[in-house]
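The following exercises concern the structure shown below. Each sets a task and then works through its solution in steps.

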Amino acid sequence: MRAEIEALASDIQRSVALLKRHLDWDAAQMRLDELNAAAENPDLWNDAAEAQKIMRERTELDTSISGVRGAERDLSDLLELIELGEAEGDQSVVDDAESQIRTLKDRMAKMELETLLSGEADHNDCYLEINAGAGGTESQDWAQMLLRMYTRWAEQHGYKVEWLEQSEGEQAGIKSATVRILGHNAYGWLKTESGVHRLVRISPYDSAARRHTSFSSAWVYPVIDDTIDIQINESDCRIDTYRASGAGGQHINKTDSAVRITHIPTGIVAACQMERSQHQNRARAWDMLRARMYEAELQKREAAAQALEDQKTDIGWGHQIRSYVLQPYQMVKDLRTNVETSDTQGVLDGDLDRFMAASLASRIKGEVAD
């Protein structure tokens with residue numbers, strides 16, 4: 001067996017051992033047995049809130065334990081397959097098994113990172129808000145490209161994307177949009193993407209084909225459930241209704257069904273226009289406002305460098321987290337971690353894992369150091 005594969009196998013075994021220690025393996029298996037027994041109790045759903053909590057913990061623990069067991073099993077099977085292929089002189093079998101071991105190593109690296117998503121809301125769904133910076137059509141087109149990039153990333157990872165609000169640009173693109181991304185660890189991964197994104201390209205809207213720099217921001221905040229209590233005084237809020245824009249049928253375009261709620265003391269705003277009735281949009285907007293208030297509180301607790309609105313006041317130089325250069329050369333570079341790639345099209349099509357993983361690892365190291 002080649003030294004490279006032996007080293008990869010050793011790394012995978014180290015990852016398995018690390019994950020077992022993180023889970024407290026014996027205790028985790030006992031806890032899963034307890035949760036499975038609780039899930040079979042016919043009286044469980046007499047308390048819906050407690051039942052949901054138990055089922056969520058059970059799903060998360062089962063996923064973690066199954067992942068570790070699966071990795072151990074896969075590594076053992078692949079190493080046996082390599083030995084068998086070498087014994088029979090079948091290089092194609094050996095090559096295929098070695099390729100799968102490399103894939104398994106990448107999978108284990110991601111599992112290690114996911115075990116570190118231990119924040120209060122990391123496992124939750126999240127809201128993603130995109131805003132175009134100054135610059136008119138250029139920035140609005142870039143905002144739409146960013147929205148597409150994140151929705152592609154979400155779809156590739158099996159997450160569901162739900163549109164909540166969108167404001168169209170004058171000529172092209174969007175001024176702003178808010179979507180909800182549903183899936184395990186959605187907030188934990190996407191929270192690393194909050195900030196300003198800078199695009200450099202030859203403008204398709206410039207007849208002189210000059211190079212333009214555009215800015216748009218992404219902001220991510222968690223969907224919160226009923227176990228997190230956020231109190232909002234309605235007298236501190238202004239509620240506006242307006243006519244929804246974009247597709248949605250005759251009803252949504254003819255009535256003031258869209259709702260915008262502004263929390264006056266903080267300036268935090270939540271808007272929804274996805275639902276057909278004003279009542280439904282109002283309920284959604286209140287949920288979003290609670291989530292944003294919670295995120296603002298998290299920022300205070302974690303002593304973030306800047307509060308929510310401070311990060312969004314100037315979508316321009318000095319605030320960007322990543323640069324996307326399409327001309328005169330091809331490069332995407334994260335300014336926080338220095339991770340970069342020349343595969344700009346892949347990134348714009350949703351290949352963001354390398355950036356998220358590096359940023360998350362950097363963040364965790366910083367928290368440990370503090």
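**Exercise 1.** How many residues apart are Arg-31 and Glu-34 in helix α2 (residues 25–39), and about how many helical turns separate them?

*Solution.* The model is predicted, so local features need pLDDT of at least 70 and side-chain atom pairs count only at pLDDT 80 or more, while totals for chains, interfaces and linings use all residues. Residues are numbered from 1 along each chain as its sequence is written, and side-chain values use heavy atoms, with hydrogens and water left out.

Step 1. Arg-31 and Glu-34 are 3 residues apart in α2, which places them about one helical turn from each other. Helices are DSSP runs of H or I with at least four residues, strands are runs of E with at least two, and both are numbered from the N terminus. An α-helix has 3.6 residues a turn, so residues three or four places apart point the same way.

Step 2. Arg-31 and Glu-34 form a salt bridge, with the closest N and O atoms 3.1 Å apart. The term denotes a side-chain nitrogen of Lys or Arg within 4 Å of a carboxyl oxygen of Asp or Glu.

Step 3. Arg-31 is partly exposed at 32% relative accessible area, and Glu-34 is partly exposed at 46%. Buried means under 20%, exposed over 50%, and partly exposed in between (1.4 Å probe, protein chains only).

**Exercise 2.** Determine which parts of the chain the salt bridge between Arg-148 and Asp-349 ties together.

*Solution.* Step 1. The closest N and O atoms of Arg-148 and Asp-349 are 3.0 Å apart.

Step 1. Arg-148 belongs to helix α5 and Asp-349 to the loop between α10 (344–348) and α11 (353–369), so the pair links parts 201 residues apart in sequence.

Step 2. Arg-148 is partly exposed, at 38% relative accessibility. By contrast, Arg-284 and Glu-275, which meet in a salt bridge at 3.2 Å (N to O), are both buried.
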